[in-house]
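Student: I have a protein model open and I would like to learn how to read it. Could you walk me through its features one by one?

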Amino acid sequence: DGLLAAKEETLNNERQIGLAMRAKQCMEAVQASLQAGDEIDLVTVDLHNAWYALKEITGETGKGDLLDEIFSRFCLGK
């Protein structure tokens with residue numbers, strides 16, 4: 001019938017595919033930064049972003065992680 005059964009888990013929706021693409025882009029940035037000799041702090045940011053995207057796919061992020069992600073996107077003035 002033209003459909004193949006997956007023997008392993010696959011990405012199930014556009015959100016997961018987008019997160020996988022984000023992780024890949026971050027890892028490519030890590031590689032480029034390492035080859036360019038950039039400061040390790042800059043490399044770590046991209047590495048963390050890749051790790052976080054993969055955790056999102058597997059559902060390993062917790063409520064605290066979600067709140068951190070939401071508030072990291074806003075600049076809150078005092």
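Student: Which helix do the buried residues of H1 pack against?

Tutor: The buried residues of H1 pack against H2. Here, buried means under 20% relative accessible area, exposed means over 50%, and partly exposed lies in between (1.4 Å probe, protein chains only). Helices (H or I, at least four residues) and strands (E, at least two) are DSSP runs, numbered from the N terminus. Before we go on, a word on the model: this is a predicted one, where local features need pLDDT of at least 70, side-chain atom pairs count only at pLDDT 80 or more, and totals for chains, interfaces and linings use all residues. Residues are numbered from 1 along each chain as its sequence is written, and side-chain values use heavy atoms, with hydrogens and water left out.

Student: What is the average pLDDT of the protein, and where is confidence lowest and highest?

Tutor: pLDDT is the predictor's confidence in each residue, from 0 to 100. The protein averages 78, and 65% of the residues score at least 70. Confidence is highest in H1, at a mean of 94, and lowest in helix H3 (residues 63–72), at 58.

Student: How many helices and strands are there?

Tutor: There are three helices and zero strands, so the order of elements from the N terminus reads α-α-α.

Student: How do I judge the span of a helix?

Tutor: Compare its reach with an expected span, which is 1.5 Å times one less than its number of residues. H1 has 23 residues and reaches 33 Å from its first C-alpha to its last, close to the 33 Å expected. Helix H2 (residues 40–58) has 19 residues and reaches 27 Å, close to the expected 27 Å. Just after H2, Gly59 takes a positive phi of about 80°.

Student: Which residues of H1 and H2 are buried?

Tutor: In H1 they are Gln16, Leu19, Ala23, Cys26, Val30 and Ser33. In H2 they are Val43, Ala50, Tyr52, Ala53, Lys55, Glu56 and Ile57. Across the protein, buried residues make up 18% of the 78 residues.

Student: Why would nonpolar side chains be found together?

Tutor: In soluble globular proteins, nonpolar side chains tend to be buried together. A nonpolar core is a set of buried Ala, Val, Leu, Ile, Met, Phe, Trp, Tyr and Cys residues joined through side-chain atoms within 4.5 Å. The largest one here has six residues: Leu19, Ala23, Cys26, Ala50, Ala53 and Ile57. The elements that give two or more residues to this core are H1 and H2.

Student: Which residues is Leu19 in contact with?

Tutor: Contact means heavy atoms within 4.5 Å. Leaving aside neighbours within four places in sequence, Leu19 is in contact with Ala53, Glu56 and Ile57. Gln16 counts as buried because its relative accessibility is 12%.

Student: How many salt bridges does the structure have?

Tutor: A salt bridge is a side-chain nitrogen of Lys or Arg within 4 Å of a carboxyl oxygen of Asp or Glu. A search of the whole structure finds two. In one, the side chains of Glu56 and Arg15 meet at 2.6 Å, N to O. That pair links distant parts of the chain, with Glu56 in helix H2 and Arg15 in helix H1, 41 residues apart.
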